[in-house]
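Biologist: Could we go through this model together? I would like to start with the ligand site and then turn to the domains.

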Amino acid sequence: MEDRNVNCLSRWYPKLEKTGVNTPKTLITRTDLPLMNFLDGEAVPGAESFYATLDDFATTVGYPCFLRTGQGSAKHHWEDTCFLKSKEDIPKHVTELVEWSCLADIMGLPHDVWVVRELLETGPYFHAFGNMPITRERRFFIDKGKIIGQIPYWPEDAFEDALHKPVDWREKLKEMNNLSSSDESYLRDETFKVSQEFEGPWSVDWLQLKNGDWHCIDMAVGPMSYGWDQVCRDTDQSDEDTIGDDGTITLNRIDDQEDC
Ligand SMILES: Nc1ncnc2c1ncn2[C@@H]1O[C@H](COP(=O)(O)OP(=O)(O)OP(=O)(O)O)[C@@H](O)[C@H]1O
Ligand SMILES: [Mg+2]
């Protein structure tokens, strides 16, 4: 039977932390509470102590903070889900994340693992969806101890139908997705470190902070991650590094990564 927890942050984060790459402060808890009952307007006995744990975590990393489940963040609803301003917001944000989990995927996603993270200070290029900051991020793909490709985290397609975006979003996106050679070289080195801890195919997401630093914020099994098909197709077609038609997607075949 398929392992529904294979992408859970509680599985990959401890291994990622061991590599020593930058990650946001991260606190993880598990609950058996029937949180789905909230969606029918029912009370969930024990919820107050679960909320208190989340509040303790949030106080430790500092409000505002980032709230997600082991499986995801419902990022497109930013202000109602993953962006947690205060203790008072916890019940609503938990319910929204449970609803998102139930609607995501055919079977719904597990929502027994909850994660509170330090909110990293970024320099957004614009805002979209539920006032989500759109900021420079890069997705790498690794497999068998090597980097097999990389793409900008945000493709143009993601914004074609998005509400509340600025008129000049295309120009801003292009600038945002342009990676300097020093950033790229840094990310390759850091992703290579990650690839030494993980055996199979994985996506590795990096977020750039306002001060220019990068943190690794998310991972998932490669074939289950957006961009995997693109990278594999390009890899099949060429042994060379290639740049896509839109000038933003770069593929990097690196055969001698031990030398990185
Ligand atoms: N600690 C953080 N501080 C600031 N912003 C963050 C933080 N973690 C995540 N983000 C922002 O929220 C987005 C979604 O976060 P994350 O990758 O944890 O969720 P996800 O739902 O698993 O995403 P994906 O759909 O890529 O798998 C990130 O791409 C980034 O823009
Ligand atoms: Mg994810």
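This is a predicted model: local features need pLDDT of at least 70, side-chain atom pairs count only at pLDDT 80 or more; totals for chains, interfaces and linings use all residues.

Biologist: How many residues surround ligand 1?

Modeller: There are 18, where near means a C-beta atom, placed from the backbone, within 6 Å. The closest are Gly72, Ser73, Lys75, Leu120 and Asp218.

Biologist: Which strand gives the most to that shell?

Modeller: Strand β10 does, with three residues; strands are DSSP runs of E, at least two residues, numbered from the N terminus. β2 (65-69), β4 (113-118), β9 (202-208) and β10 (214-221) each supply at least two.

Biologist: Which domains does the shell draw on?

Modeller: Domain 1 (25-118) and domain 2 (126-259) each provide at least three residues, with bounds from an automatic or database domain assignment.

Biologist: And how many residues of domain 1 are in contact with domain 2?

Modeller: Six residues of domain 1 are in contact with four of domain 2, contact being C-beta atoms, placed from the backbone, within 7 Å.

Biologist: Changing topic, is Arg30 buried or exposed?

Modeller: Arg30, in strand β1 (residues 26-30), is exposed because it has 10 C-beta neighbours inside 10 Å; the cut-off for exposed is 12 or fewer.

Technical notes:
Residues are numbered from 1 along each chain as its sequence is written. Chains are lettered from A and ligands numbered from 1 in the order in which they are written. Helices (H or I, at least four residues) and strands (E, at least two) are DSSP runs, numbered from the N terminus. Two residues are in contact if their C-beta atoms, placed from the backbone, lie within 7 Å. A residue is buried if 20 or more other C-beta atoms lie within 10 Å of its own, exposed if 12 or fewer, and partly exposed in between; C-beta atoms are placed from the backbone.
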